[in-house]
Amino acid sequence: MTQRTEEEVLERIERIRRRRPRITDERITLSHGSGGRATHTLIDALFLEAFRNPLLEPLEDQAVFSVGAERLAFTTDTYVVSPLFFPGGDIGDLAVNGTVNDLAVSGARPLYLSAGFVLEEGFPIADLRRIVASMAKAAESAGVQIVTGDTKVVQRGKADGCFVNTAGIGVLERPVRLSAAAARPGDAVIISGPVGDHGITIMLARGELGIESDLRSDTAPLTELVSLLLDAAPQTRFIRDATRGGVATICNELALASGVAVVLDEQSIPVRPEVRGASEILGIDPLYVACEGRFVAVVAGDEAEAAVAALRSHPQGAAAAVIGRIADDPPGLVLVTTGFGGMRIVDMLVGDPLPRIC
Amino acid sequence: MCLGIPGEVLTLDVERPGMATVNVGGARRQVNVMLIEEDGVQPGDWVLIHVGFALAKIDEEEAQLTLSYLEEMGQAYRDELQALAESRID
Amino acid sequence: MGPEGMRFVDEYRDREKAQALAANIATLVEPGRRYGLMEICGGHTHTIYKHGIEDYLPEEVQLVHGPGCPVCVIPMGRVDDAIWIAEQEGVIMTSFGDLLRVPGARGSFLDAKARGADIQMVYSPLDSLRIARNNPDRRVVFMAIGFETTTPSTAMTVLRAAAEGLENFSVFCNHVTIIPALEAILASPDLHIDGFIGPGHVSTVIGCEPYRFIAEKHGRPFVVAGFEPLDILQAIQMLLLQLRDGRSEVENQYTRVVPWEGNQRALQAIDEVMEPRPTFEWRGLGWIPHSAMRIREKYARFDAERVFDVPATRVADPPACQCGEVLRGTIKPWECKVFGTACTPETPIGTCMVSSEGACAAYYNFGRFTRLRVRQAGSA
């Protein structure tokens with residue numbers, strides 16, 4: 001039996017990683033919902049397999065298409081967060097802002113939302129009222145209208161209180177074509193603010209970890225911030241809001257779609273002390289933690305400075321920063337240079353980042 | 001086995017002896033300090049926490065000693081680099 | 001990340017000091033001589049890869065990963081037993097996050113959860129106790145794992161449960177002890193270890209004395225190390241100094257945290273609640289006498305193995321799995337036949353790949369690229 005060399009092993013791994021994923025699970029597990037590798041496999045091997053069409057193929061967060069002379073963006077998202085109410089917002093805020101943001105990051109002006117509710121038998125109407133009030137307020141702030149909707153009620157125990165789905169339509173008034181496949185070596189990677197606020201807030205709000213802090217979710221509409229960015233950096237390649245799976249997941253998706261390396265600089269990534277503290281206690285990496293009011297953007301190298309300055313002029317973008325750059329090698333990988341001078345791979349997680357004791 | 005993190009004791013729980021609130025960068029958690037009570041635990045002390053228990057008090061003097069040693073070594077290294085750089089002037 | 005520092009953490013991640021240490025280490029190495037240093041603790045493995053510490057070491061110094069990953073050494077049968085307990089009527093199984101994806105013969109905790117078992121993640125055994133208090137009609141079980149770092153916490157929790165007279169709480173005890181594992185490693189003929197980087201947090205409990213036999217009887221230097229990059233580099237420096245001077249002693253690098261005599265209160269708590277098992281099966285290392293703990297008769301009502309009629313499943317590792325050899329340090333992760341192919345973080349076959357500090361996971365997630373880069377640089 002021939003002994004493989006280390007290079008041979010590493011090359012074989014890279015070949016396997018480039019293959020189309022297959023589903024081997026028999027049942028859905030929580031990993032499938034975390035935005036990481038398991039989610040991607042499910043989407044690719046199950047949904048894309050079945051629905052395949054050119055608009056779906058790029059697997060962006062929204063579909064962009066033309067109707068007559070207009071270019072429209074269309075997206076949907078379902079919100080199942082628990083707890084429903086948390087510091088900084090509630091499921092209603094997420095439901096509006098999340099869908100608004102998926103439209104905004106394609107360069108579209110968000111216009112109209114639908115709202116579908118799945119309510120659990122026994123859910124307090126007072127809570128529903130609160131959620132709906134949040135949605136109304138968020139919609140107003142974001143400049144959108146909720147124009148159609150649906151309500152279903154399911155038996156007790158089947159819906160965690162309340163699930164919300166929103167779909168949204170926006171119009172692209174700029175001639176931008178943003179895409180995860182558009183990154184080129186020399187581009188800069190920008191984050192619009194500190195990472196991990198939302199995910200850690202939710203983790204702590206669930207109470208099971210017994211950790212308290214003054215953290216709040218960062219849920220917010222990003223339309224204005226995106227607009228400022230595109231004004232200052234018209235050659236922007238790609239923008240995506242960093243939701244489940246965090247910055248690491250977006251960068252991996254980007255690296256794969258564009259066939260480039262994303263090289264991040266750990267010291268440049270803005271993280272609030274509370275997020276860092278909670279992450280250190282739990283042993284998780286803030287790069288994988290969800291945000292709800294942040295985007296990652298890839299801009300042309302010579303527009304990076306102007307882009308960050310423009311973002312910083314807005315209260316939501318006060319901590320915006322260049323956090324990395326695009327390189328040509330090794331393609332498809334995300335690397336982080338540590339403050340310590342080392343470099344490591346930031347791979348896509350299988351499922352949610354789990355707290356560890358070891 | 002190993003994830004122990006330094007945290008600062010904020011308050012001792014009056015109602016539940018043996019429990020304290022410990023702060024790590026703004027994230028706060030109730031920690032059982034009974035394993036180190038004999039050393040005397042006061043607000044402002046730094047402790048090593050692991051799965052909700054304080055296993056040891058952090059000895060700030062020792063921490064400083066370690067850092068000083070590393071700093072000295074760092075200085076020696078910088079001095080040598082400097083000497084090397086200067087010795088290159090031909 | 002970010003401008004605000006974390007005290008007692010960031011100071012030990014200083015790059016300049018690391019370079020100074022690396023330069024010093026380079027002077028302590030005999031060119032051409034091979035040094036094999038074993039870092040025992042999974043937390044060290046994690047730090048080494050996360051911060052790229054091997055980049056700071058000369059070629060002559062090789063780090064060998066040891067078996068100090070309490071998740072990695074749990075035999076599949078024990079995971080199956082835990083899942084069996086979780087599937088019993090009215091049980092809430094509570095566990096640290098580390099274990100949720102570890103595969104038994106019938107899948108992991110997460111898979112069992114998908115099939116309907118009530119499995120909840122906890123950060124502390126005290127949280128498990130709280131769940132028991134809040135759910136008096138359910139039987140709450142805590143899946144206890146870990147070396148001596150974690151054992152006192154379980155013991156204290158049992159004492160708390162006893163003091164409160166809780167009747168619905170028990171522990172499925174899988175605590176293991178480090179010294180017998182080290183003895184097994186030292187008895188291994190195919191291992192060339194010149195010195196040990198000792199487990200910093202285990203030592204806060206057991207102290208530094210228990211390692212004496214390694215230095216005195218086996219002639220290997222042993223340095224107890226902290227978990228920040230500078231701690232590990234300093235420990236390596238201290239080991240190389242000993243090797244250069246022909247000494248073999250136990251030394252403590254982690255003086256800011258580790259008391260030489262350990263934590264007596266913690267040891268007392270362990271002794272009150274638990275006793276060593278005559279023998280225990282370790283994945284990859286086989287049966288090791290007196291290497292694990294079980295709950296004493298006195299606290300039988302808190303012992304899940306007595307509360308439930310646990311099947312005591314014994315499952316052989318899948319034939320392809322070479323976790324044992326990786327744990328013993330006899331092969332590197334990439335030398336395992338299924339590494340990266342059949343066994344990946346997404347589809348793990350063995351614990352070395354599932355556990356975040358397992359040597360294979362660490363290499364796959366962190367070390368892989370370093371190797372690629374070094375090779376590329378070498379061939380350029």
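Biologist: How many bridges join strand E2 of chain A to strand E7 of chain A?

Modeller: Two strands pair if DSSP finds at least two bridges between them, and helices (H or I, at least four residues) and strands (E, at least two) are themselves DSSP runs, numbered from the N terminus. Here strand E2 (residues 70-79) and strand E7 (residues 162-171) of chain A run antiparallel and are joined by eight bridges, and Ala73(A) is found opposite Gly170(A) in E7(A). This is a predicted model, in which local features need pLDDT of at least 70 and side-chain atom pairs count only at pLDDT 80 or more, while totals for chains, interfaces and linings use all residues. Residues are numbered from 1 along each chain as its sequence is written, and chains are lettered from A and ligands numbered from 1 in the order in which they are written.

Biologist: In what order do the five strands of the open sheet in chain A stand?

Modeller: The order is E1-E2-E7-E5-E6 in chain A, with mixed pairing. Strand E1 (63-67) and strand E6 (145-154) of chain A are at the edges and have a single partner strand each, so one side of each is left without a neighbour in the sheet. From one strand to the next the twist averages 20 degrees.

Biologist: At what angle do H3(A) and H4(A) pack?

Modeller: An axis is a line fitted to C-alpha atoms, for helices over the stretch in contact, and angles run from 0 to 180 degrees between N-to-C directions. H3(A) and H4(A) pack at about 30 degrees, and their axes are 7 Å apart. That makes H3(A) roughly parallel to H4(A), since angles under 35 degrees count as roughly parallel, over 145 as roughly antiparallel, 65 to 115 as roughly perpendicular and the rest as oblique. H4(A) also lies across strand E5 (109-120), E6 and E7 of chain A, and runs at about 175 degrees to E5(A).

Biologist: Which residues of H3(A) and H4(A) make the contact?

Modeller: Two residues are in contact if their C-beta atoms, placed from the backbone, lie within 7 Å. Among them are Ile91(A) and Val100(A) of H3(A), and Met135(A) and Ala142(A) of H4(A). The contact has 10 nonpolar, three polar and one charged residues, where Ala, Val, Leu, Ile, Met, Phe, Trp, Tyr, Cys and Pro count as nonpolar, Asp, Glu, Lys and Arg as charged, and the others, Gly among them, as polar.

Biologist: Which domains does the assignment give for chain A?

Modeller: Domain bounds come from an automatic or database domain assignment, which for chain A gives domain 1 (62-171) and domain 2 (188-345). Their C-alpha centres lie 23 Å apart, and 21 residues of domain 1 of chain A are in contact with 22 residues of domain 2 of chain A. H3(A) supplies the largest share of the domain 1 side, eight residues.

Biologist: How many residues of chain B are in contact with chain A?

Modeller: On the chain B side there are 12 residues, in contact with 16 residues of chain A, and strand E3 (residues 27-32) of chain B gives the most to that side, with four residues. Strand E9 (residues 211-212) of chain A pairs with E3(B) in the antiparallel sense over two bridges, and Arg28(B) is the bridge partner of Glu212(A).

Biologist: How many residues does the contact take from chain C and from chain A?

Modeller: The contact takes 52 residues from chain C and 45 residues from chain A. H15(C) gives the most to the chain C side, with eight residues, and that side divides into 22 nonpolar, 17 polar and 13 charged residues.
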